[in-house]
Amino acid sequence: MADDMSPDMTLDDYEFPTSRLRRRIQSEDRTPLVLIACGSFSPLTFLHLRMFEMAADYARFNSSFEVVGAYLSCVGDAYKKTGLVKAEHRINMCSLAVQQSSWISVDPWEALHSEYLETAKVLDHFEEEINGKLGGVETPVGKKKCRICLLAGADLIQTMSTPGVWAQADIDYILRNFGAFIVERTGTDIDEALSTLQPWKDNIWVIQQLVQNDISSTKIRLFLRRDMSIRYLVPEPVVAYIEENGLYDDDGAGSTGSDGKGKGKSTNAPGESGGVASSSAA
Ligand SMILES: Nc1ncnc2c1ncn2[C@@H]1O[C@H](COP(=O)(O)OP(=O)(O)OP(=O)(O)O)[C@@H](O)[C@H]1O
Ligand SMILES: O=C(O)c1ccc[n+]([C@@H]2O[C@H](COP(=O)([O-])O)[C@@H](O)[C@H]2O)c1
């Protein structure tokens, strides 16, 4: 079951989602790992989900970590980025997308804040919930704290070298105390992206994309504006949700400050190419 968020949820009735967090590992030698992907997810694409699978494989074969859970954390509405629809919609799309996953959850905590929260604070929240309140996970040799790590694409990590985007103290705090799993991304030179992050290289794990996927939320929004199909680029329930709520229309329906009504113009299935004749039109 997904950890769904009701539209009226506030921080007062927020509960940390734990239903997909594994609370015990069998190995005494491995360190339990929880992956946190922070981002806009406007909308979530299949690559966002693939990042978790790639990271889990990487951890299994190349590290002494054992993944016990993973979370998508959407930025709140205060993050003024082009193409950002309301947090409520982004969280709902993420929740629909992970319905079939047994281990990826959506945590609405970050997005429930009206003010922007830096990623360091978001990671602190997971540390507090998982290691502070829950006390970590059971192992054959007693309870162990989980390692909380940021999961990000190479473009995000490159912004850490761009002056003025991140506070230097936050970069140090995140990479020293948590660390990051970085997925290579077409268009980003990974060596260049990591060049200023050498002091923390032991806490950075770079994951090669063995099947290159250059998808981005920007391209999905562009396709939608051009009335092109987004099917098989984002999960089917997300395609349907976008259509039903009229998100990413030219008029910015569904974006912060708009009430986003469904456009209901197509006779094709949601998200399907308009170039395909519908059977009822014959
Ligand atoms: N194709 C991709 N390859 C590697 N990482 C990716 C890819 N798409 C998204 N990511 C990563 O997913 C995380 C969340 O990204 P975000 O929500 O900004 O998606 P995006 O597709 O980059 O969005 P936008 O196009 O709106 O900038 C980031 O760490 C980003 O680097
Ligand atoms: O904490 C910071 O200072 C900081 C600076 C830049 C970006 N971030 C986070 O990085 C993510 C970037 O997402 P996006 O969609 O802009 O690629 C998002 O979760 C931001 O909150 C965080």
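The shell around ligand 2 in this predicted model divides into eight nonpolar, four polar and three charged residues. In this scheme Ala, Val, Leu, Ile, Met, Phe, Trp, Tyr, Cys and Pro count as nonpolar, Asp, Glu, Lys and Arg as charged, and the others, Gly among them, as polar. Of the 15 residues around ligand 2, C38, G39, S40, E118 and T119 come nearest, where a residue is near a molecule if its C-beta atom, placed from the backbone, lies within 6 Å of it. Two or more residues of this shell come from each of β1 and α3 (119-133); helices (H or I, at least four residues) and strands (E, at least two) are DSSP runs, numbered from the N terminus.

Ligand 1 has 20 residues around it, with G39, A152, G153, S216 and T218 nearest. The elements giving two or more residues to its shell are β1 (31-39), α1 (46-62), β6 (147-153), α4 (154-158) and α7 (217-225). By class, this shell holds seven nonpolar, 10 polar and three charged residues.

Eight of its nine residues are buried, so β1 is largely enclosed by the rest of the structure; buried stands for 20 or more other C-beta atoms within 10 Å of a residue's own, with C-beta atoms placed from the backbone. Nine bridges link β1 in the parallel sense to strand β2 (residues 65-74), and T31 stands opposite F65 in β2. The chain passes from β1 through α1 to β2 in a right-handed β-α-β crossover, that is, clockwise from the first strand over the helix to the second with the strands pointing away from the viewer. β1 also pairs with β6, again in parallel, over four bridges, and L35 has C149 as its bridge partner in β6.

These strands belong to an open sheet of six, in the order β3-β2-β1-β6-β7-β8, with parallel pairing (pairing requires at least two DSSP bridges between two strands). β3 (104-106) and β8 (204-207) stand at the edges with a single partner strand each, so one side of each lacks a neighbour in the sheet. Neighbouring strands are turned by 25° against each other on average, direction ignored, with axes being lines fitted to C-alpha atoms.

Residues are numbered from 1 along each chain as its sequence is written, with chains lettered from A and ligands numbered from 1 in the order in which they are written. Local features need pLDDT of at least 70 and side-chain atom pairs count only at pLDDT 80 or more, while totals for chains, interfaces and linings use all residues.

Note on methods: A residue is buried if 20 or more other C-beta atoms lie within 10 Å of its own, exposed if 12 or fewer, and partly exposed in between; C-beta atoms are placed from the backbone. Axes are lines fitted to C-alpha atoms, for helices over the stretch in contact, and angles run from 0 to 180 degrees between N-to-C directions.
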